[in-house]
Amino acid sequence: MTDPAKFAPNGKPRARGLELPMPGVPGPLNAITDVAGVTVGYTTLRNNGGAVHTGVTAILPRAPADLLHPVWAGVFSMNGNGEMTGAHWVRDAGWFTGPITITNTFSVGLAHHATLKWMAKRFPSLGEDLWALPVAAETYDGYLSDIAGFHVSEEHVLAAIEAARSGPVAEGCVGGGAGMIAYEFKGGTGTASRRTSTRLGEHTVGVLVQANHGIRPWLTVCGKPVGEALPGERVYENERGSIIVIIATDAPLLPGQLERLARRASIGIGRGGTPSGNSSGDIFMAFSTANDPGQLPEPAALTFTAVSNDDLDAIYLAVVESVEEAVLNAMLGAETTTGKHGRVVEAIDAEKLKALVLQ
């Protein structure tokens, strides 16, 4: 049986499948779905050689029936040229409810609207006694895709949410990542995880990225500058993209601690070489599945079990390593794509990359 930590569902080698020296110990799937209860679904709109390369990624932090249970979270914007709805409330209250969706820049409002419609149908109390402000995020796929054609529909968002499942997670040109570009190679959706421990016990950290950032001269893999040595045509001179990072963990953490986790995604993407360019929307959120307070409205008193601040270093490192690897997995899972106006973005040459890193 193929090891899902090393090989994607389509059989393509991931970073570990190439035997790149990735640090840390991953979960069995090396995916955000290693965090118990977290599921991922996609709707992908892609016609290679055509003008539509877009879609929706949905992440459910709890079982569908429990999505009115607040999920404790923290957010961080490394560079704010992008959007993540619900972020202001997460900063103030420390929680969100509902599915998380990631799509293209022009469809983020639709994703928010459709998620609310999905929630209102499932939870009749919404709009009567309760409100919701779900998280929807975006990166720009307009180089390859007809973004102004508004091809993502409400039905596509609902389908991605309904498709959310546990198990191995597809990578590359899938979901919201269908039209994305990373370091001028085809990018998109990537995931990874780490096992770690504190004095409270064993924990899992999992991340999912929508990687659409960086230029080729910046690309660094396992500490080696490899971008300019890799074959392929340049796409543009200045960075024009963004990256969304969603971090999940079963470690019990306070909202302030989760914000600190979200900040560490900056180091993870920095290991890949990006300085977080001016045009980049580098926006990160971390959430914990622990400390479930039950369904809204909030009880009169909230109680927490939380990891000691003195024990956070191991979790920080798990975040950094997972984000670095997830970006690589997004690129390795992607395929050369011909998009609108005949524009071609090549997939990274995996064997050449391996040779450069291991030489």
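Colleague: Which strands does helix α5 lie across, and how do you know its angle to β9?

Modeller: Helix α5 (residues 312–333) lies across β9, β10 and β13, and runs at about 155 degrees to β9. The angle is taken between N-to-C directions on a scale from 0 to 180 degrees, with axes as lines fitted to C-alpha atoms, for helices over the stretch in contact. Contact itself means heavy atoms within 4.5 Å.

Colleague: And where do the names and numbers come from?

Modeller: This is a predicted model, where local features need pLDDT of at least 70 and side-chain atom pairs count only at pLDDT 80 or more, while totals for chains, interfaces and linings use all residues. Residues are numbered from 1 along each chain as its sequence is written, and side-chain values use heavy atoms, leaving out hydrogens and water. Helices (H or I, at least four residues) and strands (E, at least two) are DSSP runs, numbered from the N terminus.

Colleague: What makes β4 and β9 stand at the edges of their sheet?

Modeller: Look at the order: β4-β3-β14-β13-β10-β9, an open sheet of 6 strands with mixed pairing. β4 (95–96) and β9 (188–198) each have a single partner strand, so one side of each has no neighbour in the sheet.

Colleague: How do you know that β10 and β13 pair?

Modeller: Two strands pair if DSSP finds at least two bridges between them. Here 8 bridges join β10 (residues 201–212) to β13 (residues 242–249), so the two count as paired, and they run antiparallel. One example is Val207, whose bridge partner in β13 is Ile247. Helix α4 (residues 255–271) packs on this sheet too, touching β3, β13 and β14.

Colleague: Why is Glu346 called partly exposed?

Modeller: Buried means under 20% relative accessible area, exposed means over 50%, and partly exposed is in between (1.4 Å probe, protein chains only). Glu346 has 29%, so it counts as partly exposed.

Colleague: What makes Glu346 and Glu233 a polar contact?

Modeller: The backbone nitrogen of Glu233 lies 3.1 Å from a polar atom of the Glu346 side chain. A polar contact is a pair of N or O atoms within 3.5 Å; within protein, one must be able to donate a hydrogen and the other to accept it, and residues adjacent in sequence count only if both atoms are side-chain atoms. So this pair qualifies.

Colleague: Are Arg199 and Asp311 buried or exposed?

Modeller: Arg199 has 64% and counts as exposed, whereas Asp311 has 16% and counts as buried.

Colleague: How many salt bridges does this rule give?

Modeller: The count comes to 13.

Definitions and conventions:
Salt bridge = Lys/Arg side-chain N within 4 Å of Asp/Glu carboxyl O.
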